[in-house]
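Q: I have a structure open and I'm new to it. Can you walk me through it?

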Amino acid sequence: MAVAPAPQRPPRPPGWQRRLLALVVARLAQPFAWGDHADCLGFVADAVQAMHDGRDVLAESRQPRATPRQAQRALRQAGGLLAGLARAGLEPVAPSHAVLGDVVLLRPAGRRREWLALCNGADALAPGPDGLEVVPMASAVMAWRH
């Protein structure tokens, strides 16, 4: 049986790696907090915005969410996470085809919730209690290219 090739990544604006690294360095020690920038959706939205040279393709996701309940309500009002990412133009890819900077949905063992993260090669980066956490990509259940 032939294996389908990995989808091609659309070109990102020049300098995207530098802008992404600057954001990651700035967020290394910022602990998770519900809200605009320090939760997993905020981190991913900020990272995608940095890679796209300031164009906020996930602007719709920036609804107020100071608690888990508010975050769930905002996602429901947006039609769900998958619908929101699709409206933003993110294309689903197999987690095994995710590359640096792709958005991933993690479902790590022992966690109560799924969380969004950013592919960093064999690992993913996501906000945790003490700052960005490194989580194996093996726990990724979905991925999107932008």
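Q: Is α2 mostly covered or mostly open?
A: Mostly covered: 11 of the 12 residues of α2 are buried. Buried means under 20% relative accessible area, with a 1.4 Å probe and protein chains only. Helices (H or I, at least four residues) and strands (E, at least two) are DSSP runs numbered from the N terminus. This is a predicted model: local features need pLDDT of at least 70, side-chain atom pairs count only at pLDDT 80 or more, and totals for chains, interfaces and linings use all residues. Residues are numbered from 1 along each chain as its sequence is written, and side-chain values use heavy atoms, leaving out hydrogens and water.

Q: What covers the buried residues of α2?
A: The cover includes α1, β2, β3, β4 and β5. Among the buried residues are Phe43, Asp46 and Met51.

Q: How far apart are the end C-alpha atoms of α2?
A: They are 17 Å apart, which agrees with the 16 Å that its 12 residues should span at 1.5 Å a residue. The expected span is 1.5 Å times one less than the number of residues.

Q: Now the core. Which residues touch the most other members of the largest nonpolar core?
A: Leu58, Leu90, Val103, Val104, Leu106 and Leu116, out of 37 residues. A nonpolar core is a set of buried Ala, Val, Leu, Ile, Met, Phe, Trp, Tyr and Cys residues joined through side-chain atoms within 4.5 Å.

Q: Which element gives the largest share of this core?
A: α2, with 8 residues.

Q: What is Leu58 in contact with?
A: Leaving aside neighbours within four places in sequence, Leu58 contacts Val44, Ala45, Val48, Leu85, Ala88 and Leu90. Contact means heavy atoms within 4.5 Å.

Q: On to strands. In which sense do β2 and β3 pair?
A: Antiparallel, over 4 bridges. Val103 stands opposite Leu118 in β3. Strands pair if DSSP finds at least two bridges between them.

Q: Is β3 enclosed or open?
A: Largely enclosed by the rest of the structure, because 5 of its 5 residues are buried.

Q: What do β3 and β4 form?
A: A hairpin, with 3 residues between the strands. Gly121 in the turn has a positive phi of about 90 degrees. Cys119 has Ala124 of β4 as its bridge partner.

Conventions: Buried means under 20% relative accessible area, exposed over 50%, partly exposed in between (1.4 Å probe, protein chains only).
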